[in-house]
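The following note sets out several points on the model shown below.

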Amino acid sequence: MSRAYGPLVRFLLVGVLASSLGVASVDAQPSIKLGNLVDLTGPTSDQGKDIAQGRIDATQYFNERGGINGKKIELISVEYGFQPPRAVAAYKKFVEEDKVLLVLGYGTPDTEALRPYITKDKVPYLSGSYSGHLTDPRQTPYNFPGGIDYTSQIRIFLNYVKETWTDTSRKPRVAFIFADNAYGRAPIESGRKYAQEIGVDLVDEEVIPTVFTDATSQLLTMKKKDPDFAYINTNTQWVPVVLKDSYKLGLKTKYVINNYGLDERTPALAGDAAEGVIGIQDVAYWGDNVPGMKILMDFHKKHHGSDTHASPYMRGWLWVIVAVEGIKRAGDAPTGESVKRALESLKEFDTWGLTPPFTYTSEDHRPTNRARLVMIKGGKVVPMREVSVERDMKWIGK
Amino acid sequence: MKCGGFRVSYRADERIFDTYTPIVALILFLIVLGTVPRFASTYWLDVLNRIGIAVIGALGLNILVGYTGQISIGHAAFLAVGAYSTAILEVKAGLPFYLAIPVAALLTSMFGLVFGIPSLRLKGLYLAIATLAAHFITAYVIIHWEAMTNGVLGFMVPPATVFGLPLDSDARIFYLIFALVVPATLFTKNLFRTKVGRAFIAIRDRDVAASVMGVSLFKYKLLAFLISSFYAGVAGGLMAHHSRILFPDAFTLLVAIDYLAMIIIGGMGSILGSIFGAVFMTLLPEILKLSATSLTGVYPQAFGFIASTRDIVFGLAIIFFLMSEPQGLARIWVRVRSYWKLWPYSY
Amino acid sequence: MTDHLVFMLQLVITGIAVGGVYSLMALGFVLIFKASSVVNFGPGELVLFGAYVSWATILAMRLPLYVALPLTLVIAIVLGLVIERGVLRPLIGQPVISVIMVTFGVASVIRGFLNMTWGSDTRPFPVLFSQQPFHFGPVPVSPVHLWSFVVVIALLAAFSIFFRFSLTGMAMRATADNQQVALSLGVSVKWIFALSWCIATVVSALGGIILGSVRGGVDFSLADLGLKVFPVVILGGLDSVAGAIIGGVLIGVLENLSGGYLDPIFGGGVKEVAPFVALVIILMVRPYGFFGKVEIERV
């Protein structure tokens with residue numbers, strides 16, 4: 001009769017799972033609910049873990065200080081594996097069942113997939129996707145990218161090339177190396193146009209797959225065009241492969257990497273190949289000398305001191321700080337619309353020094369046009385200088 | 001109360017249900033189903049919609065794998081072709097949805113035909129690997145044929161309109177989806193009452209013997225791929241309308257594996273199995289998500305830990321079912337039902 | 001040497017080097033198939049396991065290398081035993097599709113377990129090989145690739161001798177050929193299965209160490225590379241050790257050549273899909289690969 005135990009065990013398992021649904025205490029007080037989308041099992045899970053941890057920690061920190069306008073923050077978190085359909089399903093639950101006020105989005109697929117929905121439902125969406133397409137309130141009124149957008153970053157790169165180029169006999173040559181997905185491709189079109197505008201020669205574009213171990217053939221092809229500079233638009237976990245292969249081939253090209261591609265971990269991941277590589281820093285690195293860093297470091301040490309803490313962790317905190325400020329300014333009975341307006345009232349808002357001050361307006365959802373160039377020297381990430389691009393309305397939404 | 005099957009005429013042998021009771025029950029069930037959108041929340045409607053789409057897809061896969069024994073890991077590719085074809089036909093050729101979906105399904109079945117050709121030479125494992133390759137090649141084409149599919153940037157699909165009424169909410173799409181689930185199930189059931197269906201089963205059981213008996217392997221294997229991909233095409237078209245924006249990311253290899261899991265856990269070679277499997281695989285992540293969210297409310301720091309249990313539970317579910325009940329939920333259902341019917345003589 | 005020739009030569013040599021890594025992964029697959037006719041559809045996850053465990057022992061636990069590496073291999077052996085005993089043995093005799101799905105299930109569990117234990121962020125992999133490239137004429141090759149090639153050739157030699165001359169090796173081949181007859185001759189088939197899985201997990205663990213070194217870090221995407229194994233084993237033959245090596249090299253070269261020549265025409269991505277196109281062609285023309293055993297179906 002051992003066969004009969006099978007169904008019994010299954011029933012018990014389901015029962016346990018089902019009863020856990022009731023475990024969460026029903027709060028009698030009103031709370032402010034925020035939806036939270038994270039990727040912990042998919043291709044960007046390396047960022048996701050720290051981002052999720054940062055958001056959870058920041059929420060707990062604010063709750064320990066009384067929440068927002070006296071109401072506790074409730075973070076409703078869903079892991080969606082970087083798959084748009086799961087993001088859409090989670091969103092529907094956020095809006096219908098949990099009645100969230102604002103969604104902390106994650107990356108390009110979920111943000112793009114949810115665009116029509118959030119506009120219709122009037123739910124502000126603070127996302128880790130800094131795609132330029134999301135910065136125009138005329139197209140995406142409820143999207144608020146959480147950092148300097150990719151298009152501005154590629155413009156910073158091209159400006160840097162132009163400024164440091166001293167050879168008057170020819171124009172500087174650049175190449176774009178980017179990932180074969182929506183995030184990687186986001187700024188390329190604008191990059192092409194801007195390069196043409198300021199007189200920089202775009203000689204090559206190389207596509208790297210989302211998952212790969214070897215970029216030699218792409219780099220060999222690029223070598224034929226001999227670019228002086230190359231911009232890499234992909235994540236921290238993939239950039240070292242490109243750098244290492246480039247080092248192996250002895251390429252003379254100088255690399256500039258976007259905000260998600262270079263952080264405190266890069267020198268360890270890429271070793272010698274990372275020397276002299278430049279990155280665009282959007283958020284403070286762990287241990288940087290900014291006002292908010294001590295709060296983060298103390299909190300992290302108190303609750304899980306031995307865990308990792310690269311820049312995605314700071315970003316997690318950052319977005320919660322911005323969201324909290326927006327909701328606070330919306331007053332005692334915040335709605336999606338009032339929070340949107342409140343966010344748009346943020347002017348030179350100090351994000352505890354973690355980023356340059358944020359300004360959103362009702363015409364421009366680009367939070368900042370300032371960043372910092374950093375360089376890897378002697379195995380460490382060293383700041384070079386502050387840079388900025390013009391808040392040119394020509395590039396909004398592109 | 002009947003005990004055993006006494007069919008005394010050829011006509012009676014062909015019947016699906018022996019008595020009128022199941023038919024009445026089924027009709028009542030459908031009526032109740034039809035009233036669900038009035039009071040269910042969008043979230044649950046979304047889940048039900050996804051179940052409906054999964055049922056159609058699983059039925060198709062079961063025809064190919066469960067009934068005809070041709071192992072295919074390429075189902076995600078077929079769904080993708082169906083979804084993108086529907087979207088492209090509607091946006092670029094201006095076809096209305098009631099033409100776009102069937103035409104797209106026909107295109108998908110042609111596509112399936114092409115991928116069925118290796119099945120004439122390859123069996124079992126080798127066919128599985130060939131379909132795996134087919135999946136990657138299809139994915140490549142979809143990502144890089146940007147002129148048609150918009151590649152990785154996503155393809156937006158306008159809502160289907162029925163007499164001017166746009167089907168842009170889960171409640172409305174629900175009717176469309178289930179209006180197709182019912183005939184799909186009925187068609188499948190009828191398929192296996194005909195010569196074609198029996199030929200499929202013969203091929204699965206002993207294909208050499210079947211060909212000796214006169215079953216043309218060439219014709220019926222390709223037909224199996226054709227029909228199975230047609231179902232996938234319909235499911236894909238419905239997916240396009242349900243999610244309204246198509247990304248290549250929505251059709252990864254994991255999707256194909258999910259569908260295979262559906263028919264294995266549900267029961268291969270069984271229509272009820274396809275339905276059970278579709279329900280199970282769609283609900284499993286939702287239940288996990290719900291418990292993860294509520295547990296996280298109590299232990300916020302454990303979120304990462306809890307989220308990674310999804311893979312473990314999925315893997316364990318597959319292993320568990322394959323070890324203890326290879327014939328899936330359908331078999332368990334049959335056992336439970338016959339236990340009730342024959343009680344107390346359940347031996 | 002003209003520029004064109006140098007370019008092609010660079011691609012070919014890089015392809016051979018990269019192919020060495022593929023061969024290593026394919027070897028694990030072939031070993032399991034050779035002995036038990038089980039297809040492992042989760043080779044990537046076994047490699048991932050090796051990469052994470054070696055990271056954990058070397059960096060997280062800070063054990064010296066001569067302790068950490070053998071420890072990793074021992075843990076891999078344990079994993080092999082667990083898989084074989086717990087999951088595959090109850091499924092002996094079940095249809096192919098069940099076995100395939102079970103290996104997916106196992107891969108999923110391994111993945112989830114690794115995620116739960118160590119989380120999903122990228123961990124820098126310990127530097128085991130220098131970064132200064134060797135130069136083969138005009139072509140630089142990184143030491144990691146060179147070493148993986150050396151390891152692969154060493155394993156090829158070791159396994160060839162093992163299968164040809166040792167008693168256990170012959171027993172394994174006998175089991176693969178016909179389990180019943182092998183049983184009747186006194187071969188403990190259960191042991192053979194366990195052994196083949198253990199060898200496979202160990203080889204995969206080595207592959208994980210190499211792959212981790214190539215990437216510079218460990219994270220979950222390493223597992224996705226596992227699927228590249230299929231073009232390699234189809235090309236070389238599902239049960240041929242030599243075939244795995246040659247197949248790996250050929251696929252590596254094919255990848256790089258198509259990357260170098262076709263990618264610029266098609267705007268990228270060809271490099272990744274070329275092995276699968278080759279897979280389909282080979283399946284149509286010569287399904288058993290170059291060295292595989294031709295299966296004759298008996299009715």
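**Notes on the predicted model**

1. In chain A, strand 10 and strand 11 pair in the antiparallel sense over four bridges; here strands (E, at least two residues) and helices (H or I, at least four) are DSSP runs numbered from the N terminus, and two strands pair if DSSP finds at least two bridges between them. A:Ile278 stands opposite A:Met375 of strand 11. Strand 10 (residues 278–281) also pairs with strand 9 (residues 254–257) of chain A, in the parallel sense and over two bridges. In that pairing A:Ile257 faces A:Gly279.

2. This is a predicted model, in which local features need pLDDT of at least 70 and side-chain atom pairs count only at pLDDT 80 or more, while totals for chains, interfaces and linings use all residues. Residues are numbered from 1 along each chain as its sequence is written, and chains are lettered from A and ligands numbered from 1 in the order in which they are written.

3. The loop between helix 13 (336–344) and strand 11 (370–377) of chain A holds A:Glu348, whose phi is positive, near 50°. A:Trp352 lies in the loop between helix 13 and strand 11 of chain A and has a positive phi near 60°. Most residues other than glycine have a negative phi. A:Glu348 counts as exposed because it has 9 C-beta neighbours inside 10 Å, whereas A:Trp352, with 17, counts as partly exposed. The cut-offs are 20 or more other C-beta atoms within 10 Å for buried, 12 or fewer for exposed, and partly exposed in between, with C-beta atoms placed from the backbone.

4. Just after helix 10 of chain B, B:Gly214 takes a positive phi of about 105°.

5. Buried residues of helix 10 of chain B include B:Phe200, B:Ile203 and B:Asp207. The buried residues of this helix pack against helix 3 (42–67) and helix 11 (217–243) of chain B.

6. Between chains C and B, 36 residues of chain C are in contact with 38 of chain B, contact meaning C-beta atoms, placed from the backbone, within 7 Å. Helix 4 of chain C gives the most to its side, with 16 residues.

Technical notes. Two residues are in contact if their C-beta atoms, placed from the backbone, lie within 7 Å.
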